Amino acid sequence: MKERSNLGKFLDRKGISQEWLVKRTGISRNSISDLCDGTVENPRSVTRSKIIKALREIDPHVSASDFW
């Protein structure tokens, strides 16, 4: 099993698919995958904002500092 970033682990714990995040954020499937497996460790601020906005639908207390 491959390594997971904090974002990937969060999605796993919450039962959220990467595909859900792709649809909610408009971020490419490859970019979400790279963020979840830790290939990309420090995404652009606009990318972080889109992800946090989407994840707050699931957990209103989530913060960018939880992941990056």
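**View 1. Cover over the buried residues of helix 3.** In this predicted model, the cover over the buried residues of helix 3 includes helix 1 (6-14), helix 2 (18-25) and helix 4 (45-55), where contact means heavy atoms within 4.5 Å and helices are DSSP runs of H or I with at least four residues, numbered from the N terminus. Residues are numbered from 1 along each chain as its sequence is written, local features need pLDDT of at least 70, side-chain atom pairs count only at pLDDT 80 or more, and totals for chains, interfaces and linings use all residues. Side-chain values use heavy atoms, with hydrogens and water left out.

**View 2. The buried face of helix 3.** Helix 3 (residues 29-37) has Ile-32, Leu-35 and Cys-36 as its buried residues, buried meaning under 20% relative accessible area with a 1.4 Å probe and protein chains only. Seen down the helix axis, these residues fall within an arc of 95°, so they line one face of helix 3; the arc is that of the directions from the helix axis to the C-beta atoms.

**View 3. The residue after helix 3.** Gly-38 follows helix 3 and has a positive phi, near 85°.

**View 4. The chain around these details.** The chain holds four helices and zero strands, and 34% of its 68 residues count as buried. Among contacts between residues at least 6 apart in sequence, 56% join residues at least 24 apart. Along its principal axes, the C-alpha trace spans about 30 × 25 × 25 Å.

Methods: Helix = DSSP H or I, 4+ residues; strand = E, 2+ residues; numbered from the N terminus. Buried < 20%, exposed > 50% of the residue type's maximum accessible area, 1.4 Å probe, protein only.
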